[in-house]
Every structure is written in C-alpha cells, then in structure tokens.
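Please read these points with the sequence and the model open side by side.

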Amino acid sequence: MNKPKTDLKSEYNVPNLERGLLVIELLATKKNGLTLAEITETLALTKTSAFRVVSTLIFKNYLQKNETTKKITLSRKMLTLGISAMTEQSIVEMSIDVMRALRDELKESVMLGILLGDKGTILEQVSSSYPVKLFVEQGTQFSLHSSVGGKSILANMPQEDCNDILKKITLTKFTKNTITSKKEFKKTLLDVRQKGYAIDNGEDIQGIHCIGAPIYNESGYPVAALWITAPHGRLPHEEFDSKGKIIAQYALDISTKLGYISQ
C-alpha cells in the first residue's frame, strides 16, 4: 500500500534545510535586514537552531551581517543566484522588439548578451539591413575584456562583484587594440560607467567596431547588454558618442520592461 503524501513529506523533509529556506525567504522581504533575535521570533525558531542556520548561511556567503547594527541581510551571492534564475528566454522576449527598432534606426546588426561565469554568451541577434553584415550564432561565447557586452555589464556591477570576475579572467590579446593591462581595463570600465555606453575599437576582431550599453533588472543590477556591430567604415570613431547615446536609450527601454526605474 502506498503511503499518503503527508507521510512522504515527513519522511523526506530535512528540518535544517527547511529552516534555512525560511530564513532566506523572510530576509528577501526585509530590505534593511533583521537581527538574529528578530529572525528567531518571527519564524518561531529556537535560539540554538536559528543561530546554527544563520551562521551556516553567513559562512557560505548567502547572508551577510552588519557588525555595527547586527542586522542580517541577503548577500550579493543571493542576488547573483536570482539573476541566474531569470530565464534567458524571458530576457529575449522583453528585448526582441526593441532590438528590431534599434536595427531599423541604425541599420546595423544588434546583439543581446549576458554573462555566464567569466565569459559572455550571445542570446539573440537581429541582422543588419546592409548586404555586408556580421552574423553570430546564438550561444556563441565572447571574452569580457574585448567586448562591449563584457564592458557594459562589468562597468555597472558592484565593485566587489566586478573585482571577483577580473581576478578570474586573462586579458588575451586578439588585435593590436586589445586592452591587456588590468589597470588600464579598470580605467576603461570607469569611463564606460560615466558615459553610459561602451565601445569595442576593433579589440576583438580587427576592423569591426561595436557600441553597447547595459540592461538592468528591477534591482538595478546589470543582467545583460545590448549592442550594435559593424565594419569600421560604417561605424567610425566620430559617431561613437552619438550612437552610444542612442543605444543606451534603447537599452534603458528594455531595462524599464524588466522593472527597472532609472534614478
């Protein structure tokens, strides 16, 4: 005879895991955090149990504690996991109409990409109206230091997250224009953050220029990048600023669709 579902639940339930998930779910609703005592009282846990669960989550970097206020909040690691949970398809669905509109205005190929670990990945593209165009298959990976996708996202991440990624990547030289110094690259990221858009001055492929901008989620975290790519003759240096501002506005349109509210 099969056991009723209630029996199965009690047999396979892991109490400490369940308590840990309850703590995470609670703190997700408390932007300013809670003290250990407040967590204990709210979830009706024993002091010992709450202490062990919270201490473990802090040790594994899922929670962080402000030693001055004693408030416990979700960490950036949790934010990163939340971003990963946002399906690639949902970003594409929110972006495709905007990508087509950008292609119609600037006539160039439009790309949409995200970061996965220490590499970027192309999610979608809309081809240029011109006969000569750059075609990149979906799923193609790109290096972060030589691409506008990588620069756009890295430049607008919290500094700690950006530094963690920079420690893992090698600034491989692809062309004579590729930035290979991390000190110089950090200066470039600062410039990208200030201007609101990034450029690829033939740094990934000789003779190919790109201009891109970040896409933010509702929390203001850069989850993707939008950019155009073209032969240098159709995208000269003197047009970088004017087209960069146009692309940044289209990227903002996608961010708004994802729930982002600009300051």
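**Notes on the predicted model**

1. The protein chain holds 10 helices and 8 strands; helices (H or I, at least four residues) and strands (E, at least two) are DSSP runs, numbered from the N terminus. This is a predicted model, in which local features need pLDDT of at least 70 and side-chain atom pairs count only at pLDDT 80 or more, while totals for chains, interfaces and linings use all residues. Residues are numbered from 1 along each chain as its sequence is written, and side-chain values use heavy atoms, with hydrogens and water left out.

2. Along its principal axes, the C-alpha trace of the protein chain spans about 70 × 50 × 35 Å. Of the 263 residues in the protein chain, 43% are buried. Buried means under 20% relative accessible area, exposed means over 50%, and partly exposed lies in between (1.4 Å probe, protein chains only). Taking contacts between residues at least 6 apart in sequence, 58% join residues at least 24 apart; contact means heavy atoms within 4.5 Å.

3. An open sheet of 6 strands has the order 5-4-3-8-7-6, and its pairing is antiparallel. Strand 5 and strand 6 (198-201) are at the edges with a single partner strand each, so one side of each has no neighbour in the sheet. Two strands are said to pair if DSSP finds at least two bridges between them. Strands of a sheet pair through backbone hydrogen bonds, either parallel or antiparallel.

4. Start with strand 3 (residues 109-116) and strand 4, which pair in the antiparallel sense over 7 bridges. Glycine 113 stands opposite isoleucine 122 in strand 4. The two strands form a hairpin with 2 residues between them, and glycine 117 in the turn has a positive phi of about 70°. Strand 4 is also joined to strand 5, by 2 bridges and in an antiparallel run; here threonine 121 has glutamine 141 of strand 5 as its bridge partner.

5. Strand 4 is mostly covered, with 7 of its 8 residues buried. Leucine 123 is found in this strand (residues 119-126) and is buried, with a relative accessible area of 8%. Its C-alpha atom is separated by 15 Å from that of glycine 212, which is 89 residues apart from leucine 123 along the chain.

6. How many residues of strand 7 are buried? The count is 9 of the 9, so strand 7 is largely enclosed by the rest of the structure. Strand 7 (residues 208-216) pairs with strand 8 (residues 222-231) in the antiparallel sense over 9 bridges, and alanine 213 has leucine 226 in strand 8 as its bridge partner. The hairpin of these strands has 5 residues between them, with glycine 220 in the turn at a positive phi of about 80°.

7. Strand 6 and strand 7 also pair in the antiparallel sense, over 4 bridges. Aspartate 200 stands opposite cysteine 210 in strand 7. In this hairpin there are 6 residues between the strands, and glycine 202 takes a positive phi near 65°.

8. Helix 10 (residues 240-257) lies across strand 6, strand 7 and strand 8, running at about 35° to strand 7. For such angles, axes are lines fitted to C-alpha atoms, for helices over the stretch in contact, and angles run from 0 to 180 degrees between N-to-C directions. Phe240, Ile247, Tyr250 and Ile254 are among the buried residues of helix 10. Seen down the axis, the buried residues fall within an arc of 150°, so they line one face of the helix; the arc is that of the directions from the helix axis to the C-beta atoms. Helix 10 is followed by glycine 259, whose phi is positive, near 105°.

9. Where does serine 146 lie? It is in the loop between strand 5 (141-142) and helix 7 (148-155). Serine 146 is buried, with a relative accessible area of 0%. Leaving aside neighbours within four places in sequence, serine 146 is in contact with Phe174, Thr178, Asp200, Glu203 and Asp204. A polar contact of 2.9 Å joins the side chains of serine 146 and aspartate 204. A polar contact is a pair of N or O atoms within 3.5 Å; within protein, one must be able to donate a hydrogen and the other to accept it, and residues adjacent in sequence count only if both atoms are side-chain atoms.
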